[in-house]
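Me: I am new to this structure and would like a close look at a single part: the last stretch of the chain, and how it meets the rest. Please take me through it step by step.

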Amino acid sequence: MPIIKSAIERVRVNEKAAARNASQMSAMRTAIKKFDKAKLVGADNLDDLYKAAISAIDHAHSKGLIKANKAARDKSRLSARYAK
């Protein structure tokens, strides 16, 4: 555990940021999984789930949680599954 006051604060801030980042990544993964599951079942609200998943990917990218190439790759795979 750090002794210097600024280092103690950095530990606290980093823990909060890590929790926030983990939550947002989990939300993105959940949105994608919900879409995949609905696609297999043939649910009626596929459009809404698709838009939510794309939005979650874009949000994660804008917050710097995933890189641009991963966001593009995930959205491409999602749209390919949506079209089928």
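Reply:

Let's start with a pair inside the helix itself: Asp 74 and Lys 70 are four residues apart in helix α3, so about one helical turn separates them. Before we go on, please keep in mind that this is a predicted model. The side chains of these two residues meet in a salt bridge, with 3.0 Å from N to O. How do the two partners stand towards the surface, buried or partly exposed? Asp 74 is buried, because its relative accessible area of 11% falls under the 20% cut-off. Lys 70, with a relative accessibility of 29%, counts as partly exposed.

The protein has three helices and zero strands, and its elements run α-α-α from the N terminus on. Its radius of gyration is 17 Å, well over the 12 Å that the globule rule gives for 84 residues, so the protein is more spread out than a compact globule. Along the principal axes, the C-alpha atoms fill a box of roughly 55 × 25 × 15 Å. Helix α3 itself covers residues 68-83.

Now back to the charged side chains. A search of the whole structure finds four salt bridges, and the Asp 74 and Lys 70 pair is one of them. Another joins Arg 81 to Asp 36, at 3.2 Å from N to O. This pair ties distant parts of the chain together: Arg 81 lies in helix α3 and Asp 36 in helix α1, 45 residues apart. Both partners are partly exposed, Arg 81 at 34% relative accessibility and Asp 36 at 24%.

Which residue of helix α2 does Lys 75 reach? Lys 75 forms a salt bridge with Asp 58, and the closest N and O atoms are 2.8 Å apart. Here, too, distant parts of the chain are linked, with Lys 75 in helix α3 and Asp 58 in helix α2, 17 residues apart. Lys 75 counts as partly exposed at 28% relative accessibility, and Asp 58 is partly exposed as well, with a relative accessible area of 34%.

Next come the aromatic rings. A search of the whole structure finds three aromatic pairs. One of them is formed by Phe 35 and Tyr 50: the ring centres are 5.9 Å apart and the planes stand at 55°, so the pair is tilted. Phe 35 sits in helix α1 (residues 5-41) and Tyr 50 in helix α2 (residues 46-62), which puts them 15 residues apart. Phe 35 is buried, with a relative accessible area of 0%. Tyr 50 is buried too, with a relative accessible area of 18%.

Tyr 50 also brings us back to the helix we began with. The rings of Tyr 50 and Tyr 82 have their centres 4.1 Å apart and their planes at 10°, so this pair is stacked. The two residues are 32 apart in the chain, with Tyr 50 in helix α2 and Tyr 82 in helix α3. Tyr 82 counts as partly exposed, at 28% relative accessibility.

Helix α1 has 37 residues and reaches 54 Å from its first C-alpha to its last, close to the 54 Å expected at 1.5 Å a residue. Just after α1, Gly 42 takes a positive phi of about 85°.

A few totals complete the view. Of the 84 residues of the protein, 21% count as buried. Among contacts between residues at least 6 apart in sequence, 55% join residues at least 24 apart. The accessible surface comes to about 6200 Å², and 56% of it belongs to carbon and sulfur atoms.

Methods
Residues are numbered from 1 along each chain as its sequence is written. This is a predicted model: local features need pLDDT of at least 70, side-chain atom pairs count only at pLDDT 80 or more; totals for chains, interfaces and linings use all residues. Side-chain values use heavy atoms; hydrogens and water are left out. Rings of Phe, Tyr and Trp (its six-membered ring) pair if their centres lie within 6.5 Å; planes under 30 degrees apart count as stacked, over 60 as edge-to-face and the rest as tilted. Buried means under 20% relative accessible area, exposed over 50%, partly exposed in between (1.4 Å probe, protein chains only). The radius of gyration is taken over C-alpha atoms; the globule rule is 2.2 Å times the number of residues to the power 0.38. Contact means heavy atoms within 4.5 Å. Accessible areas come from the Shrake-Rupley method with a 1.4 Å probe; for residues, only the protein chains shown count as cover. The expected span of a helix is 1.5 Å times one less than its number of residues.
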